[in-house]
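Welcome, and thanks for taking a look at this one. Here is a short briefing to read alongside the sequence and the 3D view.

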Amino acid sequence: MNALSLASQPEPHEAGYSRQRAWVEVDTDAIARNAATLATGLAPGCQLMAVVKADGYGHGAVPVARAALAGGASSFGVATLAEGVQLRRAGITAPVLVLGNLIHPDELRSCLRWQLMPTLSGMREALLCQNLAAAAGRPIGVHLKLDTGMTRLGVDWQEGPRLVAAIAELADVQLLGVYSHLANADAAPADDDSITPCQVQRFASVLAALRQQQLDAGCRHLANSAATLRGPDFHYDMVRVGLALYGHSPALHLAAASALQPAMQLRARVSLIRSVPAGIGVSYGHRFRTSRPSRLAVVSIGYADGVPRQLSGQIAVLHRGRRLPQVGAITMDQLVLDATDAPDLDVGEVVTLLGQDGDQQITPADWSQRCQTIPWEILCGFKHRLPRLPLGAH
Ligand SMILES: *Cc1c(COP(=O)(O)O)cnc(C)c1O
C-alpha cells in the first residue's frame, strides 16, 4: 500500500476510543437536562439562550447546541462570525446572536447571508447594516448592546434611547433586541456588590425611556449564568446562559440554587508503569522525590492538551473511586501519578482527571481554585488534540 492510499484509511487509533490516549467525553443528555432545569427556573415567558461560544466551552458547539435545543433552549449565543456559521452549516436554524463586535462590512454581509444577528455597539455598524441590507434587498435583524457598567462592548447606556430611535429610522435594519452584560453578577451576598444594582437600574431606566417614547426594544436581556441563578428579577425576556448549561456553578454561593450536572469528563490512559526505589526525583526539575519504594504511572496527557502546568503536584485523578495523586511537573504531553497505593492500576487503564468516578468527583472549580483562574478558562482551555466524544442521545 502506498502513502496516498494509506492517507484515506483510518488508523487504528482513530477507529475507536479504545485506542485513544486521552479524550473529552461530553454527556449531551446532561446538557439537555441542564437546559431543561434552567428553563424551568425562568420567569414566566422568559426564553433560554444557550451560549455555545468557544466551541461550546470546549464541549463541542454543535452537539451542545442540539442537546440544548432538545432541553428547551430557543436561541444561541456565539462570540464570532465563524462560530455562528458553524452552527448554520450543521443545519441548526434557531436564532443565533453574535455577541462579539463585527467591524468589517463583509462580516455583516455574512450575518445577513447566514441569518445571524450581529450585536451593534453604535451607529457606524447600524449604517453599515442598513447599506448592505438595502443592497441585498432584505432586512437584517440586529441586537443593540448597552454598556451599563461593564466597560467593554456596547454603546454608553445614556445614548441608548437616542440610538434606538435612530435605528428605528433605518428601513432595512430590524432591532430584534436590546441587551447589556453584568460585570459582577457572581458576587457573593457578603461582597456587598454595588455594581450589579447600579447596572440593573441603568438598564431599567433605558427600557423605561424607550417605553415612554413608544420605541420597541424587542427582546430585552441582561443575565449570564450567575444572574440567571440569582433570580427572576434579572431574567427579562431572555437569559444568556453559558457555564451553568455545562453543569457548573459560576460561584459557590449559587451552587445550591439548582441541580446542575457536569457534562464533561476528561479521561486519559496509563501508558507506562514504573517501579522505583525511595529517593528518586520525578519529571522536570525533580520537583517530586519518592519517599518510599513507589509505583509510578505515566499518563498520556499534558499541558499541550490543556491541563494547566501550574497544577503540577496539586491535583489527583480518579481510578475505581480512589484518588491517585499527580506528582512532579506536568509536562507537555505526559504527567506522572503515584500509584503505589493502587497496585491494580495497569497499562492501558483509564483514569479520570475531571468528572465523576464512583462517588468521587473532580470539577473545573477544584482546578481553578488551585491555579488562580476560573472554571470558564479551564473548560475552554482543552485543545483540539483531545478528541471530543459525545455520549448521549442528542
Ligand atoms: C459569555 C457570555 C455569556 C455567558 O456567560 P456565563 O457566565 O458563562 O453564563 C453571556 N453573555 C455574554 C455577552 C457573554 O459574552
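Let's begin with glutamate 25, which is found in strand S1, spanning residues 22-27. Please keep in mind throughout that this is a predicted model.

- Is glutamate 25 buried or exposed? Its relative accessibility is 11%, so glutamate 25 counts as buried, the cut-off for that class being under 20%.
- The side chain of glutamate 25 is joined to the side chain of arginine 267 by a polar contact of 2.9 Å.

- In the side chain of tyrosine 57, an N or O atom is 2.5 Å from an oxygen atom of the ligand.
- Arginine 240 also takes part through its side chain: one of its polar atoms there lies 2.8 Å from a nitrogen atom of the ligand.
- Leucine 243 uses its backbone instead, with a polar atom 2.9 Å from an oxygen atom of the ligand.
- The protein buries 92% of the 390 Å² that the ligand exposes when taken alone.

**The pocket and the shell**

- Which pocket does the ligand take up? The space taken by the ligand is the largest pocket.
- Two elements give two or more residues to the shell around the ligand, namely helix H4 (53-57) and strand S10 (238-241).
- In total, 13 residues surround the ligand, and the closest are Lys53, Tyr57, Ser225, Arg240 and Leu243.
- By residue class, the shell around the ligand divides into six nonpolar, four polar and three charged residues.

**Valine 336**

- Strand S17, which covers residues 335-338, holds valine 336.
- Valine 336 counts as buried because its relative accessibility is 14%, against a cut-off of under 20%.
- Along the chain, valine 336 and methionine 49 are 287 residues apart, and their C-alpha atoms are separated by 41 Å.

**Glutamine 214**

- You will find glutamine 214 in the loop between helix H10 (195-212) and strand S9 (219-223).
- Why does glutamine 214 count as exposed? Its relative accessible area is 73%, and exposed means over 50%.
- Glutamine 214 and alanine 165 are 49 residues apart in sequence, with a C-alpha to C-alpha distance of 9.6 Å in space.

Technical notes: Residues are numbered from 1 along each chain as its sequence is written. This is a predicted model: local features need pLDDT of at least 70, side-chain atom pairs count only at pLDDT 80 or more; totals for chains, interfaces and linings use all residues. Side-chain values use heavy atoms; hydrogens and water are left out. A residue is near a molecule or strand if one of its heavy atoms lies within 4 Å of it. A polar contact is a pair of N or O atoms within 3.5 Å; within protein, one must be able to donate a hydrogen and the other to accept it, and residues adjacent in sequence count only if both atoms are side-chain atoms. Accessible areas come from the Shrake-Rupley method with a 1.4 Å probe; for residues, only the protein chains shown count as cover. On a 1 Å grid over the protein atoms alone, a cavity is a set of points where a 1.4 Å probe fits but cannot get out, and a pocket is an open set with protein on both sides within 12 Å along at least five of seven lines; lining residues have an atom within 4 Å of a point. A molecule sits in a cavity or pocket if more than half of its atoms lie within 2 Å of its grid points. Helices (H or I, at least four residues) and strands (E, at least two) are DSSP runs, numbered from the N terminus. Ala, Val, Leu, Ile, Met, Phe, Trp, Tyr, Cys and Pro count as nonpolar, Asp, Glu, Lys and Arg as charged, and the others, Gly among them, as polar. Buried means under 20% relative accessible area, exposed over 50%, partly exposed in between (1.4 Å probe, protein chains only).
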